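Subject: Structure handover

Hello,

The structure you are taking over is shown below. After it comes a summary of what was found.

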Amino acid sequence: MQINSRRSMVAGNWKMNGDKALVKQMKKQLEKASLENMDAVICPPFPYLGMFTDSIKLGAQNMSQFDSGAHTGEVSVSMLKEVGCSYIIIGHSERREDNFESNEIVAQKVEKALNADLTPILCFGEPEDIRDDGTLFTYIATQLDAVLKQVGIAQFAKIVLAYEPIWAIGTGKTASPEQAQEVHAFVRGHLAKLDSDIAAKIVILYGGSVKGSNAEELFSQADVDGGLIGGASLNPDDFLSICLAANQ
Ligand code: PEP
């Protein structure tokens, strides 16, 4: 529920899941839904991007930090634009871990996406041991500062942020609404040291085991503007119920 000027958003990260049948079902589900107060975005695997129509906002799950050339298996930002993407997930913890993407590589990718007018959905968040040892806010500030250093606060304003505590991703262990709110408020406070207007306007999503049953409570927090959804985005009914929670 939005009582501020920020527009709610829900993005579905299919990861390496889904097939042509799911593309068809999701298109049907979203095309008939009335979601006038929020943006619903689907981020399917690369092979399915071209199967969506203009009526659905699309995002990719990864892009190269290079423009073109000898980078086997990589996909460039211009290719993503050509197939209709307007968003790009950058810095997901699975890519940071599986593909050794450092804060610096993440920052380079964000800059490349912004230069091409693609909106980065910049993921950040802590592993459980960092939360337990009390260095959560330093850890998160370091992740965000790497991008701020690369692009500056004015460009940073064009990013959608996604707080994704790693211990909550795909585990069924959702952050409590208070835990999510605490981090989102910290992030706004951190950005406000550079620009209070940008801090107030930037969209911050929560991700980590969001479902139809917990979305409304999470999204009702003052600084939570929607969600980045993994598992539940693979079920069109569940995904729609999360979108409807953000549409209120
Ligand atoms: C994600 O991977 O971005 C995510 C939030 O996954 P899940 O919703 O399955 O926890």
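A residue is called buried when its relative accessible area is under 20%, exposed when it is over 50%, and partly exposed in between. By that scale K201 is partly exposed, because its relative accessible area is 48%. D197 is also partly exposed, at 43%. Please keep in mind that this is a predicted model.

Salt bridges

The structure holds twelve salt bridges. One of them joins D197 and K201, with the closest N and O atoms 3.1 Å apart. Both residues belong to helix α9 (residues 196-201), where they sit four residues apart, about one turn of the helix.

Another salt bridge pairs D67 with K112, and here the closest N and O atoms are 2.8 Å apart. D67 is in the loop between β3 and α3 while K112 is in helix α5, so this pair ties together parts that are 45 residues apart in sequence.

The side chains of E101 and R95 also meet in a salt bridge, at 2.7 Å from N to O. E101 is buried, with a relative accessible area of 8%. Finally, R6, R188, D223 and D225 are linked in a network of salt bridges.

The loop around S64

S64 is found in the loop between β3 (57-60) and α3 (77-82). Is S64 buried or exposed? Its relative accessible area is 2%, so S64 counts as buried. A polar atom of the S64 side chain lies 2.8 Å from the backbone nitrogen of F66. Leaving aside residues up to four places away in sequence, S64 touches E74, V75, K109 and K112.

Backbone angles

Most residues other than glycine have a negative phi. Two residues are listed here for a positive value. Phi of F100 is near 55°, and phi of D117 is near 60°. F100 lies in the loop between α4 (93-98) and α5 (103-115), and D117 is in the loop between α5 and β5 (119-124). F100 is exposed, with a relative accessible area of 68%. D117 is exposed as well, with a relative accessible area of 62%.

Nonpolar cores

In soluble globular proteins, nonpolar side chains tend to be buried together. Which residues touch the most other members of the largest nonpolar core? They are F156, L161 and F219, in a core of 66 residues. Helix α7 (residues 136-156) gives the most to this core, with seven residues. Apart from it lies another core, made of 13 residues, including A11, Y87, V160 and L205.

The ligand

The ligand is surrounded by 14 residues, and the closest are K15, H92, E164, G170 and S209. H92 has a polar side-chain atom 2.8 Å from an oxygen atom of the ligand. For E164, a polar side-chain atom likewise lies 2.8 Å from a ligand oxygen atom. S209 contributes through its backbone, with an N or O atom 2.7 Å from an oxygen atom of the ligand. How much of the ligand's accessible area does the protein cover? On its own the ligand has 290 Å² of accessible area, and the protein covers 96% of that.

Regards

Conventions. Residues are numbered from 1 along each chain as its sequence is written. This is a predicted model: local features need pLDDT of at least 70, side-chain atom pairs count only at pLDDT 80 or more; totals for chains, interfaces and linings use all residues. Side-chain values use heavy atoms; hydrogens and water are left out. Buried means under 20% relative accessible area, exposed over 50%, partly exposed in between (1.4 Å probe, protein chains only). A polar contact is a pair of N or O atoms within 3.5 Å; within protein, one must be able to donate a hydrogen and the other to accept it, and residues adjacent in sequence count only if both atoms are side-chain atoms. Contact means heavy atoms within 4.5 Å. A nonpolar core is a set of buried Ala, Val, Leu, Ile, Met, Phe, Trp, Tyr and Cys residues joined through side-chain atoms within 4.5 Å. A salt bridge is a side-chain nitrogen of Lys or Arg within 4 Å of a carboxyl oxygen of Asp or Glu. A residue is near a molecule or strand if one of its heavy atoms lies within 4 Å of it. Accessible areas come from the Shrake-Rupley method with a 1.4 Å probe; for residues, only the protein chains shown count as cover.
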